[in-house]
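Please keep the viewer open beside the text.

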Amino acid sequence: MKNSSRRGFMGKAFGAVAGVGAVASLYAMKRTWDPLPSVKAAGFTTLDMSAYKENELVTEKWRGKPIFVLKQNAEMVKKAQANPKDMERLIKIGNDYFMVCVGLCTHLGCIPGYNPDEQSFLCACHGGMYDFTAEVTKAPPPRGLDIPPFKIDGMKIVLGEEGPEYKKMLETGVTLKV
Amino acid sequence: MAHFTKATSLHDWLNQRLAIDTLRRVLATEYWIPKNINFLWAMGMVLAITFGLLLISGIFLLMYYQPNVNLAFDSVNYTIMQEVGYGWLWRHVHGVAASVVFLVIYIHMFTGIYYGSYKNGREIIWLSGMLLFVAFSAEAFSGYMLPWGQMSYWAGMVITNLFSGGSLHADGLVEWIRGDYVPAQAFLNRFFMLHVLLIPLVILGLIGLHFGALRIPHVNNQDGEEIDFDAEAKKYLSGDKAGSKVIRFANDFMSKDMMVVGIYLIFFFYLVFYHYDFAMDPVNFDPANGLKTPTHIYPEWYFLWSYEILRPFSTNVGLIAFAFAQVIFFMLPFLDRSPNAVPASRRGLFKYWFWAMLIDMIILTAMGKVPPEGLFSTIGLYAALTFIGLWIALPFITKFEKKV
Ligand code: FES
């Protein structure tokens, strides 16, 4: 009896030590699998917005992801003004309006293609479609293309920094955090 | 300590230390197999051999493969294919085996379903087999990443995005899995590790479990007959080999098994030497490019059916349907409520259920390959709904089945 309770105690003591060790090593494993600090730090890209042409899609790169920049022409701005939801997605720089967003379909992450004549995007993977402000117009994508964090700096914008215009978009739900 | 005597031979020396006679008896000469089973039961051995081929060819590929985003593509497509002596052979064996292994797994699975080999005491065999299927899928997916071509990259992108859980937006989880915002170096390295070490270890463990699970319930047979293995084995050992319903695994049943394996290997190496390209997607001969999606993304043929179940629905419903397709086969022994473990042809409505399921999965596979447009998406949608409907119907139609 005395012996078995001693054994019981030793068993429980071992269990406690092993438990602490198991939790600690799981945490270490989780952290090892995390993105490296260098990956996280290299997250800023500056774009000079005076260089783009109207209705011509340019693909930039930020954090390894494609970034769509589409300078809106007069006709598009007029169309957007008729629809406040579209207007909210555009970024005003100087006198121009830009659509800037992450070029990965919000469905499963393919890159949609732009058709300048129809001013719309088609995601060939599962047939999703977006308009010229990258708002979704045909499922399966659940929402428009996400807008990356940006800060306006004169005629430039810095991707990766959160300026007031971007924060407002987050608040009003125009985009999700990416 | 056991008592050791002076050995009379090498065999005796080993036997005293390793009990090799006992081992051989348990694993081979007194492991009893029913007589009335057909060539479909040899698929287990075919799979074991194919896994061996994958392991050996993989070891040789491993010697030259470079898990680096800048070097991986060339190490496969140039170094291994052009420079390494017979490197092309290992690659073709590996590629073809990775594809064919799924064909055989599906045959093996559907054989089990047809003959009811997942029922009445054989549930663990079925469950461990399904776990093996999942492990093989993970192995295939992680291996597909390694050449770092366009399809590799985009398959990695799309599949890891599934983990964001649709509207749950678990983007942090996706980045955690990738170790980066997009598939990049960290991603390649960790999938390399998974492919060459962790998942193969899991597979080996599961193969052990799968074989072990057969020991007590024994293998099923063509007529679903309940055999008293002990009595039949005694009959066999007492000399009544013709009257006994069982035979030894080795070398009796093995000789039949190996005959099938032989025919299979001829077919296999025919593919390796003359049609290796069926297992290789042309898009994957373009190096990975994170700024350009291939126009039409589809997985390897063996994942098409579950991919097609995801595709016709909106994100969330699609994900749920996809998850359903992944786990539902595990539930088969519990959803089939009938007491019969006999061939489908002798059962009630299950007979139609079996063929409907098989045909539906073939249709899903075909629709998964074509672009999601017009008539094809409609057929795909109905096939996906049929799949789900069949599983919902299963407990009901089997519940009323009469005992045969
Ligand atoms: S990834 Fe774009 S529609 Fe599915």
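## Leu61(B) and its surroundings

Setting aside residues up to four places away in sequence, Leu61(B) touches Ile80(B), Gly87(B), Trp90(B), Arg91(B) and His94(B), where contact means heavy atoms within 4.5 Å. This is a predicted model, in which local features need pLDDT of at least 70 and side-chain atom pairs count only at pLDDT 80 or more, while totals for chains, interfaces and linings use all residues. Residues are numbered from 1 along each chain as its sequence is written, chains are lettered from A and ligands numbered from 1 in the order in which they are written, and side-chain values use heavy atoms, with hydrogens and water left out.

Leu61(B) belongs to helix H3 (residues 43–62) of chain B; helices (H or I, at least four residues) and strands (E, at least two) are DSSP runs, numbered from the N terminus. With 14% relative accessibility, Leu61(B) counts as buried. Buried means under 20% relative accessible area, exposed over 50%, and partly exposed in between (1.4 Å probe, protein chains only). Between the C-alpha atoms of Leu61(B) and Gly44(B), 17 residues apart along the chain, the separation is 26 Å.

## Rings in chain B

Rings of Phe, Tyr and Trp (its six-membered ring) pair if their centres lie within 6.5 Å; planes under 30 degrees apart count as stacked, over 60 as edge-to-face and the rest as tilted. By this rule there are 44 aromatic pairs over all chains. Two of them are set out here.

| Pair | Centre to centre | Angle between planes | Kind |
|---|---|---|---|
| Tyr31(B) and Phe249(B) | 5.6 Å | 50 degrees | tilted |
| Phe102(B) and Phe303(B) | 5.8 Å | 70 degrees | edge-to-face |

Which parts of chain B does the pair of Tyr31(B) and Phe249(B) link? Tyr31(B) is in the loop between helix H2 (20–29) and strand E1 (32–34), and Phe249(B) is in helix H11 (residues 249–274), 218 residues apart. Tyr31(B) is buried at 13% relative accessible area, and Phe249(B) is buried at 17%.

Phe102(B) is buried, with a relative accessible area of 1%.

Ring pairs also join Trp305(B), Phe324(B), Phe329(B), Phe350(B), Trp353(B), Phe387(B) and Trp391(B) into a cluster. One of these rings, Phe350(B), has the charged end of Arg347(B) over it, 3.8 Å from its centre. A charge sits over a ring if NZ of Lys or CZ of Arg is within 6 Å of the ring centre and within 35 degrees of the ring normal. Across the two chains, Arg190(B) lies over the face of Trp33(A), at 4.5 Å from the ring centre.

## Over to chain A

Chain A has five helices and 11 strands. Its C-alpha atoms fill a box of roughly 90 × 35 × 25 Å along the principal axes. Of the 178 residues of chain A, 44% count as buried.

Gln119(A) is one to look up, in the loop between strand E6 (113–115) and strand E7 (120–123) of chain A. Gln119(A) counts as buried at 6% relative accessibility. Beyond its neighbours within four places in sequence, Gln119(A) is in contact with residues including Asn55(A), Glu75(A), Tyr114(A) and Phe132(A).
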